[in-house]
Amino acid sequence: MAAKCITKYCRKIPTDHHRKCATCRMREFKIKHPLAYDFNVLRSNAIRRGKEFNITLTEFKLFCDITGYIEKKGKNRDSLSIDRINNSKGYEFSNLQALTLAANTIKENQRRREGADDND
């Protein structure tokens, strides 16, 4: 039988030569390197959605320092999210802004309404 992950209470089986499972390793990385973790999540989501991603980790750090994104991100309406100013462009430093989730939702709903009007 394969060895279990060495993290307390984890029952998953690590892959390859690791002593911890991928989930536990990712949780550790998120705690130790929150900025790099958020950068990787943003990049992965952009790639998954087929959007261009032309931001470096240094530019992302500058964006976070200017906007306070890391400290204010979350899941409630007043938390910050990363928004592309011009949705036809990809993720590039000059096309990013930090919006609250509420403001980002309003912007998206407005964009969808305008798009629906174009189809009439």
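**Entry 1: α1 and α2.** I began with helix α1 (residues 22-32) and helix α2 (residues 34-48), which pack at about 120° with their axes 5 Å apart. Axes here are lines fitted to C-alpha atoms, for helices over the stretch in contact, and angles run from 0 to 180 degrees between N-to-C directions. That makes α1 oblique to α2; angles under 35 degrees count as roughly parallel, over 145 as roughly antiparallel, 65 to 115 as roughly perpendicular and the rest as oblique. I listed the contact (heavy atoms within 4.5 Å): α1 gives Met-26, Phe-29, Lys-30, Ile-31 and Lys-32, and α2 gives Pro-34, Ala-36, Tyr-37 and Asn-40. By class, six of these residues are nonpolar, one is polar and two are charged. Ala, Val, Leu, Ile, Met, Phe, Trp, Tyr, Cys and Pro count as nonpolar, Asp, Glu, Lys and Arg as charged, and the others, Gly among them, as polar.

**Entry 2: the model.** I noted that this is a predicted model, in which local features need pLDDT of at least 70 and side-chain atom pairs count only at pLDDT 80 or more, while totals for chains, interfaces and linings use all residues. Residues are numbered from 1 along each chain as its sequence is written, and side-chain values use heavy atoms, with hydrogens and water left out.

**Entry 3: α2 and α3.** I then looked up α2 with helix α3 (residues 57-67), and found an angle of about 110° and axes 10 Å apart. The two are therefore roughly perpendicular to each other. From α2, Leu-35, Ala-36, Asp-38, Phe-39 and Leu-42 meet Leu-57, Phe-60, Lys-61 and Cys-64 of α3. This contact of α2 with α3 has seven nonpolar, no polar and two charged residues.

**Entry 4: the whole chain.** I found five helices and two strands in the protein. Helices (H or I, at least four residues) and strands (E, at least two) are DSSP runs, numbered from the N terminus. Their order from the N terminus is α-α-α-α-β-β-α. The radius of gyration, taken over C-alpha atoms, is 19 Å, well over the 14 Å that the globule rule gives for 120 residues, so the protein is more spread out than a compact globule. That rule is 2.2 Å times the number of residues to the power 0.38. The C-alpha atoms fill a box of roughly 60 × 35 × 30 Å along the principal axes.
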